[in-house]
Amino acid sequence: MINSYDKALLEKKFVSIILKSLGEKSVEVVKQRLFEKYGISLYQAVNDDYGKLLDILKENFTEGGAKNIEKQFRNAMINLHSNVVKGKAEDLIVSDPDAVERIMKYIGDPDMMLILNDVMEKPKLIADILESCKLPTTSGYRKINKLSDAGLLIISGYEIGTDGRQIVKYTTSFDSIGVFIQGKKSNIRIKRKKVGKNNYLQIPFV
């Protein structure tokens, strides 16, 4: 059975494939058309209604492009469980300058830090995050989406709304992040999030 962490990683992998193959605008096209045509999110389509996702790909992209994305995604599904690290909870050290800059950009934003701290221990719905962090709806949604796209936030379960739709909950993909200087170089130390006995989440943004 695929747990909610695996499902979140699967969604991140799909977004990564489209970004690499077709560019950032194509991700938004897929998300928008899924909602307009079927009333579902990308997370739901990737994990629970893959046929509708394929339909949107074929509708909006060339046959070759759609098939290439489908092939890459099927391979990602096959390799799903490689995203979980088994064994000791060893810290991950990120030293790649681009990755360090990307992570520091988000943890350096006060509002984004509020969001990350708010869901560190307990997954929450977006509405609850915005309320507890006292963030405006529009900018709050935008920052949550940015954190999700960056892999710092992941989907961890959902609630059923009054209209029957799944409303996702977010949590962090890590238990802690720290910045340290070694020589003249900045590094990031990440403690992986535990997802079961002796299982730890592979960091999706590294």
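Predicted model: local features only at pLDDT ≥ 70, side-chain atom pairs only at ≥ 80, totals over all residues.
Strands of a sheet pair through backbone hydrogen bonds, either parallel or antiparallel. Here the pairing is antiparallel, in an open sheet of three strands with the order 2-7-6. Strand 2 (92–94) and strand 6 (174–182) are the edge strands, each pairing on one side only. From one strand to the next, the twist averages 25°.

Which residue in strand 7 is the bridge partner of Leu92? That partner is Ile190.

Now bring helix 6 (residues 97–107) into view. Helix 6 packs on the sheet and touches strand 2, strand 6 and strand 7. The direction of helix 6 makes about 70° with that of strand 7.

Next, turn to helix 7 (residues 110–119) and helix 8 (residues 126–133), which pack at an angle of about 115°. Their axes lie 10 Å apart, and the crossing of helix 7 and helix 8 is right-handed. Which residues meet here? From helix 7 come Leu114, Ile115, Asp118 and Val119, and from helix 8 come Asp128, Ile129, Ser132 and Cys133. Sorted by class, this contact of helix 7 with helix 8 has five nonpolar residues, one polar residue and two charged residues.

Methods
Residues numbered from 1 in each chain as written. Heavy atoms only, no water. Pairing = 2+ DSSP bridges. Helix = DSSP H or I, 4+ residues; strand = E, 2+ residues; numbered from the N terminus. Axes fitted to C-alpha atoms, helices over the stretch in contact; angles between N-to-C directions. Contact = heavy atoms within 4.5 Å. Left-handed = near helix turned anticlockwise from the far one by under 90°. Nonpolar A, V, L, I, M, F, W, Y, C, P; charged D, E, K, R; others polar.
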